[in-house]
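Student: I would like a close look at a single part of this protein. Please show me the model, and then I will pick a spot.

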Amino acid sequence: MLEQYEAGIELIGTEVKSIRNGNVNLKDSWCSIEDGELFLRDMHVSPYEMGNVFNRDPRRVRRLLMHKREILKLFGTLKTQGLTLIPLSLYFKDGRVKVLVGLCKGKKLYDKREDAAIKSANRDIHRAIKINNS
């Protein structure tokens, strides 16, 4: 991760209540910039139990709130360096939901292979230790 930014998020009332209960998942979510606006995609906010007709689609696209100059700076950085914006965490600040967004660089193929080899080696070591202790 290279840089971190704090952004507000545009939510509906029942989504805020659901987030307050901890029913949110950022696992596969990512950010995109379209027409000078920043959007958060694939964040799952579970429907609020008491929300009935007021609940919205759990995976709907949500707009992030940042200053225009910050968004334009991010847009230039993303296009020139091939980086990605990833939401890192959701938290409350003065009663408002904030998103911590990180500017990240993806792994190269050789990095992924190296990590897979290390995991495999560690798994073999733990398996051998477990067999010897039994």
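Student: Which residues does Ser29 touch, not counting residues up to four places away in sequence?

Tutor: Start with the ground rules. This is a predicted model, where local features need pLDDT of at least 70, side-chain atom pairs count only at pLDDT 80 or more, and totals for chains, interfaces and linings use all residues. Residues are numbered from 1 along each chain as its sequence is written, and side-chain values use heavy atoms, with hydrogens and water left out.

Now to your residue. Leaving out residues up to four places away in sequence, Ser29 touches Leu40, Arg41, Asp42, Met43, Ile86 and Pro87. Contact here means heavy atoms within 4.5 Å.

Where does Ser29 sit? Ser29 is in the loop between strand S2 (24-25) and strand S3 (30-34). Strands are DSSP runs of E with at least two residues, helices are runs of H or I with at least four, and both are numbered from the N terminus.

Ser29 counts as buried because its relative accessibility is 5%. Buried means under 20% relative accessible area, with a 1.4 Å probe and protein chains only. Across the protein, 32% of the 134 residues count as buried.

One of its polar atoms lies 2.8 Å from the backbone oxygen of Leu26.

Step back to the whole chain. The protein has three helices and eight strands. Along the sequence they follow the pattern β-α-β-β-β-β-β-α-β-β-α. Among contacts between residues at least 6 apart in sequence, 60% join residues at least 24 apart.

Conventions:
Buried means under 20% relative accessible area, exposed over 50%, partly exposed in between (1.4 Å probe, protein chains only). A polar contact is a pair of N or O atoms within 3.5 Å; within protein, one must be able to donate a hydrogen and the other to accept it, and residues adjacent in sequence count only if both atoms are side-chain atoms.
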